[in-house]
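Notebook open, structure loaded. I wanted a look at the packing and at one hairpin.

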Amino acid sequence: VAVALIFAIQRCDPMPFYLFDEIDAALDPQYRTAVAAMVRAQADAGTQFITTTFRPELVKVAGCIQGVQHSHKVSTVREVTLDEALNFVGDAMIGTSQ
């Protein structure tokens, strides 16, 4: 419901930038695909999105994918390929229900 409200507000009073933290985590695959399509459509219209996710649907529609790695109390960020991201997401989903 909260995601639907945000997208409804976006249509009435658009903002140039959104930051979402795992908005797709509790959704079934068909709804994750629908949210990903809505994010992609809004991004194509000029809105910028930063999202965190461990699901492949949002990863597949991303224009740029950043990976964050933590080692020795230091986080580093680098651009990753779609294949790297999908492999990571696949590894993260092992043992979880989809």
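My entries follow, starting with how the values were made.

I am working from a predicted model, where local features need pLDDT of at least 70, side-chain atom pairs count only at pLDDT 80 or more, and totals for chains, interfaces and linings use all residues. Residues are numbered from 1 along each chain as its sequence is written, and side-chain values use heavy atoms, with hydrogens and water left out.

**Leu 58.** I found Leu 58 in helix α3, residues 56–61. (Helices are DSSP runs of H or I, at least four residues, and strands are runs of E, at least two, numbered from the N terminus.) Leu 58 counts as buried because its relative accessibility is 4%; the cut-off is under 20% relative accessible area with a 1.4 Å probe, protein chains only. Leaving out residues up to four places away in sequence, I listed its contacts as Ile 23, Asp 24, Ala 36, Val 39, Thr 51 and Thr 53. Contact means heavy atoms within 4.5 Å.

**Core.** Leu 58 also turned up in the largest nonpolar core, which has nine residues, including Phe 7, Phe 20 and Phe 49. Such a core is a set of buried Ala, Val, Leu, Ile, Met, Phe, Trp, Tyr and Cys residues joined through side-chain atoms within 4.5 Å. Helix α2 gives the most to this core, three residues.

I then checked β3 (66–71) and β4 (74–79), which run antiparallel and are joined by six bridges. (Strands pair if DSSP finds at least two bridges between them.) His 70 has Ser 75 in β4 as its bridge partner. Two residues sit between the strands, and His 72 takes a positive phi near 55° in this hairpin.

How values were computed: Buried < 20%, exposed > 50% of the residue type's maximum accessible area, 1.4 Å probe, protein only.
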